Amino acid sequence: MTSASTAQSASTDPAGPEATAGDPGAGRPPAASGGGVPAVVRRRLATVEAGLALHSWLATGVVVAIAAILRFFRLSHPPGKVFDETYYAKDAWGLVDKGVEWSYKDNGPSYVVHPPLGKWLIGLGEWAFGYQDAESGISVPGHLMTTAPEFGWRVSAAIAGTLSVLLLVRIGRRLFRSTMLGCAAGLLLALDGFHLVLSRTAILDIFLLLFVLAAFGALVLDRDARRRRWTRALAGGLDPATPGRAGRPANGWRDWPWWRLVAGVLLGCACAVKWSAVYFVPAFALLVILWEVGVRRSAGVRRPWRDALLDELPWLAVAGVLMVLTYVATWSGWLLTDIGYYRDAARYPNSGLSDNPLYNLWKYHEAAYGFHKQLDDPHKYQSWPWQWLLLGRPVAFYWSGVGACGAPSCASEVLLLGTPLLWWSFLPALAGLAWLGAARRDWRAGAILLPVAAGLLPWFWFALDGRTMFSFYAAPVLPFLVLAVVYVLGAIISPAGASAVSAEDGYDRRLVGGVIAGAYLLLVALCFAYFYPVFVGQVLPYDGWSARMWLDGRWI
């Protein structure tokens, strides 16, 4: 494991400090200014090495195994379609069977207001493991193996949830240059009830979370790749003070920002799950620009802002084009058939449609956008954005009073509830992150805070119109909230600039900080274990279920 002090150390880089590498699998800045590059510049441009660090992958594997066991164990319980599975599982099978969402009851296309990619992914699990719907009389065996039908429509969500834990471990390791802190981030996500419930339910939000997080991870890799590019160029004799192209690294195809283009594709996938992913696009574009300004400033470029905008805006435009093309490609089933809703003008007279499928797709989007704008019907489990991080109104996905529990009355519930101790840490962690980030001028603070703002603040605006919304709208922000907690834990383990042993107090700061952070992780794990029965629908005595409803009427 890594020394956490190196994960939180600051530097004097005006564009945002670089933590010095200390993890055995992380890249260490050269001790001397070899290759004509000053040591301070090499330190500012240092990145985590891309090579294999066996110990970090072993630790990652343990965390991911925990996440997978929790998400796949008894995945077919509870039986039947819970909450919005009644829509998405059916729409997913329509996509597999006919290429578009289809109502078998009415024998016609379904009008849906979310893009198809998340449902395609659910449908892939149904295709592989079988699908059954008693209402429409459909019973189809799986192409790989036949299982309980619930497993078929939930398995893709479980895979997505497990993959997101894997991604967060590796992203956290790169951000903090610490395998220990990366694994702490993944473990907290794995032990969160909100994430667990979404990972065991065939609705869209876990896929949205996965693609947004993957896009962020691609941008972190892009940041590292661009800094290595500048380091190589400076070592090769580049003079960044030279005006024009001569003062910049070569830009051959090998040095293209491939990871940034991958991020564009992944953001297109995220938007093809839910449109709310578009809120992250300007935030991520701003991060790229800030990071590019930072690398130029560290390298000694005279006009870092001007050069960054001139060099990088065209690449951002290319990434944007890839995002749009990816989004449109996910509608292939609708475009390549003529049976989808609003697809054929002849079937929808007086609708303003034409013979151009792309134009009709635009009209479909106009209709869906109009639906979202007018979505203000009251719902029993609706909540407001200012309630989400406080767990003010979780969503009940499933409830049953039937079952054997050895008591006069029993209860079984699947409640979309975050692990309380973890979620009630988010607001203090965000405050601590903002304070520490400003004090240390730490780029990582902005990298975490910007996605949080992008994923939460728009909903406060929509709340002014009384729009119906639910706590699971916060799903794509969850990994960044966990990163905020881990950032603060890293600061507790070893504050920036603190020595390993305090001469004043005479105790090991790292040891005490590590005990505090370890105790926090243990308490989160115990809190998760206590609430686990209401995350997975385990049958409890009614009194045991009631004891877990801490906020009384708000959690019932």
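Mentor: Let us begin with leucine 391, which is found in the loop between helix 15 (385–388) and strand 5 (395–400). Please bear in mind that this is a predicted model.

Trainee: What is the value of phi at leucine 391?

Mentor: The general idea comes first. Most residues other than glycine have a negative phi, and most peptide bonds are trans. In leucine 391, phi is near 60°, a positive value in a residue other than glycine.

Trainee: Is leucine 391 buried or exposed?

Mentor: Buried means under 20% relative accessible area. Leucine 391 has a relative accessible area of 6%, and therefore counts as buried.

Trainee: Where does asparagine 350 lie, and what is its phi?

Mentor: Asparagine 350 lies in the loop between helix 13 (332–335) and helix 14 (357–373). Its phi is positive and near 60°, again in a residue other than glycine. The cut-off for exposed is over 50%; asparagine 350 counts as exposed because its relative accessibility is 84%.

Trainee: Which residues does a cis peptide bond join?

Mentor: Histidine 77 and proline 78 are joined by a cis peptide bond, with omega about 5°. Proline 78 is placed in the loop between helix 3 (54–72) and helix 4.

Trainee: How is the packing of helix 4 and helix 5 to be read?

Mentor: Two packed helices are described by the angle between their axes and the distance between the axes. For helix 4 (residues 85–98) and helix 5 (residues 117–129), the angle is about 75° and the axes are 8 Å apart. Angles of 65 to 115 degrees count as roughly perpendicular, and helix 4 and helix 5 are therefore described in that way. Among the residues that meet are Tyr88, Trp93 and Leu95 in helix 4, and Trp120, Ile122 and Trp127 in helix 5. The residues of this contact divide into ten nonpolar, one polar and three charged.

Trainee: How many residues does helix 9 have, and how many of them are buried?

Mentor: Helix 9 (residues 205–235) has 31 residues, and its first and last C-alpha are 45 Å apart, close to the 45 Å expected at 1.5 Å a residue. Of the 31 residues, 26 are buried, so helix 9 is largely enclosed by the rest of the structure. Glycine 237 follows helix 9, with a positive phi near 105°.

Trainee: Which side chain does that of arginine 174 join in a polar contact?

Mentor: Arginine 174 has its place in helix 6 (residues 149–176). Its side chain and that of aspartate 224 are joined by a polar contact of 2.5 Å. Arginine 174 counts as buried because its relative accessibility is 17%.

Key:
Residues are numbered from 1 along each chain as its sequence is written. This is a predicted model: local features need pLDDT of at least 70, side-chain atom pairs count only at pLDDT 80 or more; totals for chains, interfaces and linings use all residues. Side-chain values use heavy atoms; hydrogens and water are left out. Helices (H or I, at least four residues) and strands (E, at least two) are DSSP runs, numbered from the N terminus. Buried means under 20% relative accessible area, exposed over 50%, partly exposed in between (1.4 Å probe, protein chains only). A polar contact is a pair of N or O atoms within 3.5 Å; within protein, one must be able to donate a hydrogen and the other to accept it, and residues adjacent in sequence count only if both atoms are side-chain atoms. Axes are lines fitted to C-alpha atoms, for helices over the stretch in contact, and angles run from 0 to 180 degrees between N-to-C directions. Angles under 35 degrees count as roughly parallel, over 145 as roughly antiparallel, 65 to 115 as roughly perpendicular and the rest as oblique. Contact means heavy atoms within 4.5 Å. Ala, Val, Leu, Ile, Met, Phe, Trp, Tyr, Cys and Pro count as nonpolar, Asp, Glu, Lys and Arg as charged, and the others, Gly among them, as polar. The expected span of a helix is 1.5 Å times one less than its number of residues.
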